[in-house]
4 protein chains.
Amino acid sequence: MAREIGIGTISLGWMGTLHTRAYRRLLDHYPECELRPRLVVAADTVEDRARDAADRLGYEGWTTDWREVIEHPEVEAVSIAAPNYLHKEVAVAAARAGKHIWLEKPCGRYPSETYDIGEAVEEAGVVSMIGLMYRHVPVVEYARELIAAGELGEITHYRGYFLADYAADPNGALTWRYKLDGAGLGVLGDIMPHSVDMAQNLLGPIESVSAQRETFIRQRPEVPEGMGTGHFVVEGGDMGEVENEDYVGGLLRFESGVRGTIENSRTCVGPHVRMSFEVNGTRGALSWDFQRLNELQLYRTDGTGDRGYRKVHAAPGMGDFDRFQPGAGISMGYDDLKVAEAERFLSSIADGRQRPASIRDIVSTMRVVDAMDRSCNTGRWEKV
Amino acid sequence: MAREIGIGTISLGWMGTLHTRAYRRLLDHYPECELRPRLVVAADTVEDRARDAADRLGYEGWTTDWREVIEHPEVEAVSIAAPNYLHKEVAVAAARAGKHIWLEKPCGRYPSETYDIGEAVEEAGVVSMIGLMYRHVPVVEYARELIAAGELGEITHYRGYFLADYAADPNGALTWRYKLDGAGLGVLGDIMPHSVDMAQNLLGPIESVSAQRETFIRQRPEVPEGMGTGHFVVEGGDMGEVENEDYVGGLLRFESGVRGTIENSRTCVGPHVRMSFEVNGTRGALSWDFQRLNELQLYRTDGTGDRGYRKVHAAPGMGDFDRFQPGAGISMGYDDLKVAEAERFLSSIADGRQRPASIRDIVSTMRVVDAMDRSCNTGRWEKV
Amino acid sequence: MAREIGIGTISLGWMGTLHTRAYRRLLDHYPECELRPRLVVAADTVEDRARDAADRLGYEGWTTDWREVIEHPEVEAVSIAAPNYLHKEVAVAAARAGKHIWLEKPCGRYPSETYDIGEAVEEAGVVSMIGLMYRHVPVVEYARELIAAGELGEITHYRGYFLADYAADPNGALTWRYKLDGAGLGVLGDIMPHSVDMAQNLLGPIESVSAQRETFIRQRPEVPEGMGTGHFVVEGGDMGEVENEDYVGGLLRFESGVRGTIENSRTCVGPHVRMSFEVNGTRGALSWDFQRLNELQLYRTDGTGDRGYRKVHAAPGMGDFDRFQPGAGISMGYDDLKVAEAERFLSSIADGRQRPASIRDIVSTMRVVDAMDRSCNTGRWEKV
Amino acid sequence: MAREIGIGTISLGWMGTLHTRAYRRLLDHYPECELRPRLVVAADTVEDRARDAADRLGYEGWTTDWREVIEHPEVEAVSIAAPNYLHKEVAVAAARAGKHIWLEKPCGRYPSETYDIGEAVEEAGVVSMIGLMYRHVPVVEYARELIAAGELGEITHYRGYFLADYAADPNGALTWRYKLDGAGLGVLGDIMPHSVDMAQNLLGPIESVSAQRETFIRQRPEVPEGMGTGHFVVEGGDMGEVENEDYVGGLLRFESGVRGTIENSRTCVGPHVRMSFEVNGTRGALSWDFQRLNELQLYRTDGTGDRGYRKVHAAPGMGDFDRFQPGAGISMGYDDLKVAEAERFLSSIADGRQRPASIRDIVSTMRVVDAMDRSCNTGRWEKV
Ligand SMILES: NC(=O)C1=CN([C@@H]2O[C@H](COP(=O)(O)OP(=O)(O)OC[C@H]3O[C@@H](n4cnc5c(N)ncnc54)[C@H](O)[C@@H]3O)[C@@H](O)[C@H]2O)C=CC1
Ligand SMILES: NC(=O)C1=CN([C@@H]2O[C@H](COP(=O)(O)OP(=O)(O)OC[C@H]3O[C@@H](n4cnc5c(N)ncnc54)[C@H](O)[C@@H]3O)[C@@H](O)[C@H]2O)C=CC1
Ligand SMILES: NC(=O)C1=CN([C@@H]2O[C@H](COP(=O)(O)OP(=O)(O)OC[C@H]3O[C@@H](n4cnc5c(N)ncnc54)[C@H](O)[C@@H]3O)[C@@H](O)[C@H]2O)C=CC1
Ligand SMILES: NC(=O)C1=CN([C@@H]2O[C@H](COP(=O)(O)OP(=O)(O)OC[C@H]3O[C@@H](n4cnc5c(N)ncnc54)[C@H](O)[C@@H]3O)[C@@H](O)[C@H]2O)C=CC1
C-alpha cells in the first residue's frame, strides 16, 4: 500500500502549476507508485497568486515566504519552480534541510551556481530531479535505446537545435529572463541546457566546443509593476537593455568521436519551439522535433533493402507511452511529460535509486555550457 | 463560488476512466466553471475493476449494477461509457430519472436506438453531451470558424476519412465490437459517427449518400472468459464469425451543394488512426489529421500572392488551446479533449444552454449513417 | 546499328512539342534503342505555329493539313497530340494508312470513339502507345512491382485522386476542353483516364462503379480569336456555357475484391496537380503524389518491427530511373517521363512486342469511364 | 537570327555529358537565345568513351587530348568537366587561348588554383560560367528575391547543409576524389563550394568562420585499372588511404551580422543529397532542400495573421520555371538546371554581360573555403 509523502512547492508560475498537476495525475498513470503525494504547502511572493492557486490546486496551505515551505516538518519533497536567481539559494537550503528536490533547469544563473547546488545535494544525500523532461518523451527514449543498442551503427554526426520564437517579438517584455541579476545567462541558461542534456543523453559526454553568440534584440520594454508570469508583450513604455544572449551556435566534439553542431535561439521567427535533433550513424539515422512530439523519423537498413526515413509514431513499448495512451496514433501531450518526471522523482525517493535527470546530469550539462560561454569569449575551442 | 455536482459513471473501461480523469482535471483548466464535480459512484460488472478503479479514481462508492448509479439520489449527472448494447437502455433510464447524461458514441447499436435515446432526452429535458470530441480540437474549431466566415470562399469538395488499424490484425479478438448483439453496426457505428459528425460540423447537413461496405476479415478468435477491455490479440483459440462491416466507402451530397467522399475502415494497415478531413473551397482549402492533433494544413489566398498549404500549429486564440498550453508548438494531447468535453457538459448543465455535441447532433449523424446503411443494401443513392 | 524511323507529328501545342523533344532526347537515355527517330514532318492548323515550331524543333517539313503527315511516305510513326475532337478521325486514318501511332489520351471525346480507334488499330496491326505516362514514373513502377509480388499482402483498399486547379479560376478561358464538340467529356475524359489507368495498372480490372458529377463553374469567358494553346485567363469578355463536368467522385469495386474511392476535379483550389493514389494491403501500404514525383511513401512490415510510412526516394533499380539520374535524391522531371514513353513506343515498333500503355489499356480504361458516366446518370452501381 | 557558336568539351563523364545535353536542349527552352551551339569537338582520355560518347552526343569530332579542343580554331567556348586536378591547367590554357569557359566547380584542387584561374580569366577578358547550378533552381531564385526585397525583414540566422551519402559505403572506391593529387580538398572542395556559394548568393559575403573537419572512413578499396566514372563500389581488393576530409562543420558570421552554421558530409547515412538551407529573418523565414527541388517552405507574416510554413511549389514567375513547365505542381528535374546554366553562359557571351555564377563568384567562395581550411587547423575563428 502506497504511503503518503508531503510535498511543498515554491513558485506557482507556469512550471510550479505544472509540477502540481503532475503530482495530482501521478497515480492515474502510475498506480503502482509507492508514494502518494500529499500537497502540503505552496509559496509565491505574489500573495493573491499563492492563495488562489494553492486553493485551486489543492494545497493544504500557502505562504509568501518560500522558507516556510522548506521548514515545514511535513514536507519531505520540494518542487522548486522559482526564477533562476532563486534556484541556488532555495535548492541549497532545501537540500541542507534534508528535503528531496525537484528543481527546474537551469539550476542557477550560471554554471557555478549549479555546481554549488550539486555539492549541497551530494552532501545532503537527498534525491534530485531536474526538469529536463524532453528525456521522457517515448520516441526519444526509443531513440536512445536504438542508439545504445548499436542499431544505427557507429554514430558519426549530430545536429541539435532549440529554435524558439518566444522572444522574437521586439515588444516582448524585459522580464527577469533578460537580466543578469534575474536569469544570468540568456539562451545558454534558458534553453541550451535542454539541447546539451539531450545530446549527452543520446550520445554520451561532449569533450570540447567552439561557439559564438549574439543578441539580436538589444532593447525591450520594461515590465510594468505587478505584471504576470511567462512571456508577454508590452506596447509603448520605456525601453531597457537586454543583458544576455539571444543566440548561440556551436560546434561539438563528443568523447566518442562524434562531430556535431548545435544552435539555440529565442528570437527565431519561423519555428515556434523547434527543440530537435538529428543523429546519423554508419547504419542508420533518426531525427525528432518537439513540435511533433509523438513522431520519430527513423532510417534503418533492414531486410527489405528500402532506403528512406520512416515516420514512426509513438506506440506501446516505447518509454512510458502505454501509461498514457492505448495505441499508436493517439497523441500524448506536453503536460504528460511532467507526470512521467514526477514519477521518476517519487520512485527515486521510494527506492533510493536515483533516476535521471539528476543534479549530476545538469552539472555535467552546465560544464558544457560553461565551455561554450568561454569559447564565445575566446574565439577558440574550449575543453569541457 | 462553484457548487458541487454529484457524478455517477457507468463502466470503467477506457472511456469511463477517461471521463473520470476529465472531471478531476476540469478545474485546472476551466477554473471559472460553475460546477465542481464530486465523484459519487461508479459501476462496472467486473467487480474487481469496479472496486479498484473506483477507489483509484476517487469515487466515493462503487457497484456492479448500473441501475444503482442512476437511482443514487446524490447523482445529478451520469457518464455512460458502457458497450453499445447498453447505451439505449442505460441512457433512456438515466434521462427518465432526470439525470443529465454524458454518453459515448454511437449511442446505441443502430440508428433506431439513437432515435429512442433522443426522444427520451427531449422528453426529460435533461442536458446531453455526446463523446464526439474531435470537435473540440483547437485547430478543428479554427477550421470550422474559417469556413463559417467564408474565408475559403464557397466550399466545393470534401473528403472525410477514418482509417484505423485497430482491427487490422486477423488475430484481434472477437470482442463485442464485432457482434450484432454487442455493437450492432460495424464501422458504421464505431467510427463513421465521428466522420459524419465532423463533416456536418464543418459543412452543414448531408442530403444524400451512396455507399458500399465490406468485411475483409470474416473470422476472428473468440474471446476467452474474463478477458480485458479494449482491443487485444488472441493467438490460437476457436474462431467465430465477424458480424458487421470492416469498411464503408461513400459518396456525399451536402444540402449546400458540396460534393464529397468518405471512407472508414478498421482494418487499414498503414495509418494508425487517420481520422482526417480535407476541405476545398473557391478561395482556399484546409486539411487535418488526428495523428497530428495540433496542426492544420491551410491554403489561403492572401496579400502575398504565395500559393501553397501552410502548416499552422495550434495556438492561443484557436478553440480552447490556451486553457491547456501557453504557446504554439507545445502539444496538447488526446486526453485534453475529454477535459474540454467535460467542461461543455457541466457548463451546459450550469446555465441551461446546451452546447454541442448534443443528442440532436448524434441523431442527425445517425440519420446519415442510416442512409448509408440503406444504400449499401440497395446500391442506390439514398436520401438522409 | 540503329536504323532510322520517320516520324510525323500532328499538332504542336504542349503535348506535340513534348513528344518531339522526347524523340530528340531518346538516344541520350536509351542509346541501345534500335530505332533512331528522324523528324520528317509536323502539322498544326495555326500556320505560324507550324512553321516556327517545326523549324525550331527540327522537323524537315511542316504543314497545316494533318492528312499530309499521315500520307507522307517517309513517315512510319505518327504522334497525335491534337485536341480530343480530332483523335478518332486522325488516329483511325493513321492506323488505316499503316502508321504506328503515339496517341494522347483520352483517345476521343467519348468512350465510343476510343473503341473505334481500338478496332482500327487492331485491324491494321499497328503499334500503339498512349500518353498515360504516369505509369513510367520509377517509384510508380516500383510500387506496381511490390504489389504484384505480394509484398503488401492482399490488397484491401484503394484511393485514387486527380485534384487539379487548372480550371479553378472562374476566368479561365472557355477553350475546347469545356465543350462537347471539342472535348466531349469533362474531367471524365481529361483526367479520369489517368486515374483509372493507374488504378488498373496497379490492381487489375475494375468491375463496377458508382459515381456522381458536378460542374462547379458553369460559365466561362469565351476565347477571343487566335488565342494560344493550353490554359489561360481572360478578363472581361462574353461568357459561354461550360458543357461538361468539373468534378467526378466514385466508388470502385475491383475484380479482386479490393474496394476503393476515386475523385477527380479540375477546379480544386489547394492542390495544383494532385494525381495521387494510396494502396493498403494486409501487410503493407504505399502512396504517391505526382507533385512529389520522385518519392514513394511505403509502409512495410520488416524485421525491425518498426511501423510507419517510409519516404523512399527514386533510386537506381526502380523503373528506368538510372537512365536519367545516377543516384537517389537527384530529381527526374516531368518531361523525362515522355522520353521513357517514346522509348516504349519505338521499342515496340522495333521488336513487335507491344509495351503498355497500348490502345487496349485505354479501351479498358474507357470502359470504366463509360460505366462511371452511366452511373452518374442512373444513380446506381454500374458494371464495367 | 541566332548565330552559331563552336563548342568544345573536355571530359565526358557525368558532367561533360550533362553539359552537352544542355547545349542541345538549349533552344527548346530559350528559343530567343542569340547563340546556337554547334558541337565541334570533345575530349576524353579514355578513347572508347571519347569516340562513342562524342558520336552519340553529336560532336563533329573527338580526341583524347584536351589541348586539341582548346586549340581548335572553330571552338569559341569550352566546357571543362575534367577531374579537379586538371581544372587549373585546362582552364588557364583555355582562357589564354581566348576561349570562353564553362567550368565545373570547385575550379582546382585548392583555393590557390581557383585564384590562378581567376586571374587568367580576368586577364583574358573571357566569359566564365561555373557549375554552381543550385542558383538556377526557380524556388531558390524566388527565395533570393524575397530576401533581397526585405520580405523576411532583417535576416538573423542561417543554416546551410550538404549532407550526402555518396561516400557513405566503406566499400566506395578510392577514386580521384579522395586523393590530394586528384581532388585536393575533400568535402571542402567537392560540396562546400555549393554550400558557401548558396549562402553568399542569398545573404552576401561571409566575414569569418570557425570550422572542424573529420575523416570518418579512413581507408577505401583501390580502384582497379580502367574502371568507370562517378561513384562505385568495389568488394574485396587492396585498401588505400583516404587523403582528404569526409566532414566539415562550421560557424559563420556574415558581413551583414547574420550568424549561421554550415555542415557538409559525404558519408552521412540517411539523407541522400540534402543540399539545403534555412533562413530566418525578423519577419519571415524560408527553407529548401534539393531533394524536393520544386518546393520552398516559406513563412511570412501576411494579412491573415496565420503563422506557419507554407509549402510553395515552383510556379511560373519564379526564376525560369516557365521555360520548362506550364504550371505549378509539374516537376522540373535536375538536368533542367544545366540547361538554364548553359543559357546564362551563352547569353553572357552574346551580349558581354557576365551573368552569375562567374569565376568571381567561385573565387569569393574559395576564399571562404580557405578560411575554413585554416580554421580547421588553428582551432580559431579565421577571417575570410
Ligand atoms: N523544464 C522546462 O522546459 C521549463 C523550465 N522552466 C523553468 O522554470 C522556472 C520558472 O519558470 P516559469 O514557471 O516559466 O516562470 P513564471 O514567470 O511563469 O513563474 C515564476 C513564479 O515565481 C514567483 N516568484 C518570484 N519570486 C519568488 C520568490 N521569492 N518566492 C516564491 N515565488 C517567487 C513569481 O511570482 C511567479 O509566480 C525557471 O527557472 C525556468 O527556467 C520554465 C519553463 C519551461
Ligand atoms: N469517443 C470516442 O472516440 C470513443 C468512444 N468509445 C465508446 O465508448 C464505449 C466504451 O468503449 P471502451 O471504453 O473502449 O470499451 P471497453 O471495452 O474498454 O470498456 C467497456 C467496459 O464496460 C464494462 N461493462 C460491460 N457490461 C457492463 C454493464 N452491464 N454494466 C457496467 N459496465 C459494463 C466492461 O466491464 C468494461 O469495463 C463504447 O460505446 C465506444 O463506442 C470508445 C473509444 C473511443
Ligand atoms: N498525357 C497527358 O498527361 C496530357 C495529355 N494531353 C492531351 O494532349 C492533347 C493536346 O493537348 P495540349 O497539347 O495540352 O493542347 P494545346 O491546346 O496546347 O494544343 C493543341 C494544338 O492542336 C492544334 N490543332 C487544333 N486543330 C488542329 C488540326 N485540325 N490539325 C492540327 N493541329 C490542330 C492547335 O493549333 C494547338 O497547337 C489533348 O488530347 C490532351 O488531352 C494534354 C496534356 C497532358
Ligand atoms: N556541379 C555539380 O554539382 C557537379 C560537379 N562535378 C564536377 O565535375 C567534374 C567532373 O566530375 P564527374 O563528371 O562527376 O566525374 P567523372 O569521374 O564522371 O568523369 C570524369 C571524366 O574525366 C575524364 N578524364 C580524366 N582525365 C582526363 C584528361 N586528362 N583529359 C580528358 N578527360 C579526362 C575521365 O575519363 C572521365 O570520363 C569534377 O570537377 C566535379 O567536381 C561533378 C558532379 C556534380
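Which polar backbone atom lies 2.9 Å from an oxygen atom of ligand 1? In this predicted model, that backbone atom belongs to Met15(A). Two further polar contacts of ligand 1 involve an oxygen atom of the ligand, one with a polar side-chain atom of Arg49(A) at 2.6 Å and one with a backbone N or O atom of Lys105(A) at 3.0 Å. On its own ligand 1 exposes 850 Å², of which the protein buries 92%.

The shell around ligand 1 receives two or more residues from each of helix 1 (14-29), helix 4 (84-96) and helix 10 (334-351) of chain A, and helix 4 of chain A gives the largest share, with 4 residues. By residue class, this shell divides into 14 nonpolar, 9 polar and 7 charged. Because domain 1 (3-133) and domain 2 (138-330 + 354-383) of chain A both contribute residues to the shell, ligand 1 lies between them.

For ligand 3, the residues that come nearest, out of the 30 around it, are Ser11(C), Asp44(C), Arg49(C), Asn84(C) and Glu104(C).

| Side chain | Ligand 3 atom | Distance |
|---|---|---|
| Thr45(C) | nitrogen | 3.4 Å |
| Asn84(C) | oxygen | 2.7 Å |
| His194(C) | oxygen | 3.0 Å |

Definitions and conventions
Residues are numbered from 1 along each chain as its sequence is written. Chains are lettered from A and ligands numbered from 1 in the order in which they are written. This is a predicted model: local features need pLDDT of at least 70, side-chain atom pairs count only at pLDDT 80 or more; totals for chains, interfaces and linings use all residues. Side-chain values use heavy atoms; hydrogens and water are left out. A polar contact is a pair of N or O atoms within 3.5 Å; within protein, one must be able to donate a hydrogen and the other to accept it, and residues adjacent in sequence count only if both atoms are side-chain atoms. Accessible areas come from the Shrake-Rupley method with a 1.4 Å probe; for residues, only the protein chains shown count as cover. Ala, Val, Leu, Ile, Met, Phe, Trp, Tyr, Cys and Pro count as nonpolar, Asp, Glu, Lys and Arg as charged, and the others, Gly among them, as polar. Domain bounds come from an automatic or database domain assignment. A residue is near a molecule or strand if one of its heavy atoms lies within 4 Å of it.
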